[in-house]
Amino acid sequence: MDFDQRLILVTGAGSGIGRATALALAKANARLLLLGRHVPALESLFDDIIANGAPEPSILPLDLDGASAADYTQIAQAVEQQFGSLYALVHNAAELGERVPFEHYLEATWQRVMRVNFEAATHLTRALLPLLKASDHSHLVFTSSSVGETPRAYWGAYSVSKYALEGFAKLLAEEFEKTTQIDVTIINPGATRTRMRQLAYPAEDPLDSPEPEQVAQRYLRRLNPELGRQGAQRIHADGSVTAIS
Ligand SMILES: NC(=O)c1ccc[n+]([C@@H]2O[C@H](COP(=O)([O-])OP(=O)(O)OC[C@H]3O[C@@H](n4cnc5c(N)ncnc54)[C@H](OP(=O)(O)O)[C@@H]3O)[C@@H](O)[C@H]2O)c1
């Protein structure tokens, strides 16, 4: 697979699935924009990408909780000036929040999880849409969860934010189908051996879940430029693919 230096922005690139996906894409000759809130983690990924002889990435430090409209505009302007267009935007960053009944859920945590997992994705999509449209063919990817497809008790704002994210993705899929060249994807990575998985299931043996490097291959297959326009799709936890109608 050769991404021929196509430009791809990954949020939450500093760890877990985001890191593995960004590194795998870079190894396949994509040019990465690494968005995250911890610069040392992004710098470590930058070094790994360079060590692999891949195109030099750019680091975009941003805390999605509390990012302002000006922050998103600044990112879009910088990408526009340096590159002119964007091949793919991969929404991956998320916070787990609490796993308690709604009535015990801390309001401040609820608001933060909604901002990071859902609202930030709408702001970033809005800011970068003109650059996605400037590509001959481009991708908008939303990382969801089983509890985003069907809300689950005690998963609180995480479940609701992913459900909202899926609604947003479906809205755009319908709007974009005939009016743009943007393919929308909802991907549920399924159980993956990351920090978030450990937080959600502390009693589980981490070795029972696949590594993020395995899950990253699903993102790569979907974004493979050789496939061309595929239409809106959902990639399920078991890796199967269905159309979003
Ligand atoms: N692991 C699973 O089993 C599983 C299952 C279903 C869905 N998912 C989804 O997969 C995606 C990746 O999760 P993961 O499992 O790889 O967990 P992870 O390692 O905790 O990754 C989450 C990423 O989001 C970033 N993030 C969180 N809050 C942020 C903020 N305010 N601003 C900027 N970045 C922020 C984190 O940055 P920091 O490192 O700075 O915290 C981290 O890089 C998420 O959307 C998650 O919902 C995971």
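**Notebook: helix packing and the sheet**

A crossing counts as right-handed if the near helix is turned clockwise from the far one by less than a right angle, and as left-handed if anticlockwise. I note that the model is a predicted one, in which local features need pLDDT of at least 70, side-chain atom pairs count only at pLDDT 80 or more, and totals for chains, interfaces and linings use all residues. Residues are numbered from 1 along each chain as its sequence is written, and side-chain values use heavy atoms, with hydrogens and water left out.

**Entry 1: H4 and H6**

I found that H4 (residues 107-133) and H6 (residues 156-179) pack with their axes 7 Å apart, at an angle of about 20 degrees. Axes are lines fitted to C-alpha atoms, for helices over the stretch in contact, and angles run from 0 to 180 degrees between N-to-C directions. Helices (H or I, at least four residues) and strands (E, at least two) are DSSP runs, numbered from the N terminus. H4 and H6 are therefore roughly parallel to each other, a term for angles under 35 degrees. I listed the contact residues (heavy atoms within 4.5 Å): among them are Trp110, Phe118 and Leu129 of H4, and Tyr158, Phe168 and Phe176 of H6. Ala, Val, Leu, Ile, Met, Phe, Trp, Tyr, Cys and Pro count as nonpolar, Asp, Glu, Lys and Arg as charged, and the others, Gly among them, as polar.

**Entry 2: H1 and H2**

I then turned to H1 (residues 16-27) and H2 (residues 39-51), whose axes come within 10 Å and cross at roughly 25 degrees. H1 and H2 are therefore roughly parallel to each other, and H1 passes H2 in a right-handed crossing. Arg19, Ala22, Leu23 and Ala26 in H1 meet Ser44, Leu45, Asp48 and Ile49 in H2. This contact of H1 with H2 has five nonpolar, one polar and two charged residues.

**Entry 3: the sheet**

I traced an open sheet of eight strands with mixed pairing, in the order E3-E2-E1-E4-E5-E6-E7-E8. Two strands pair if DSSP finds at least two bridges between them. E3 (58-61) and E8 (241-243) are the edge strands, each pairing on one side only. On average, neighbouring strands are turned by 15 degrees against each other, direction ignored. I noted that E4 (residues 88-91) and E5 (residues 138-143) run parallel and are joined by four bridges; Ala88 has His139 in E5 as its bridge partner. H2 packs on the sheet, touching E2 (31-36) and E3, and its direction makes about 165 degrees with that of E2.

Notes:
Parallel < 35°, antiparallel > 145°, perpendicular 65-115°, else oblique.
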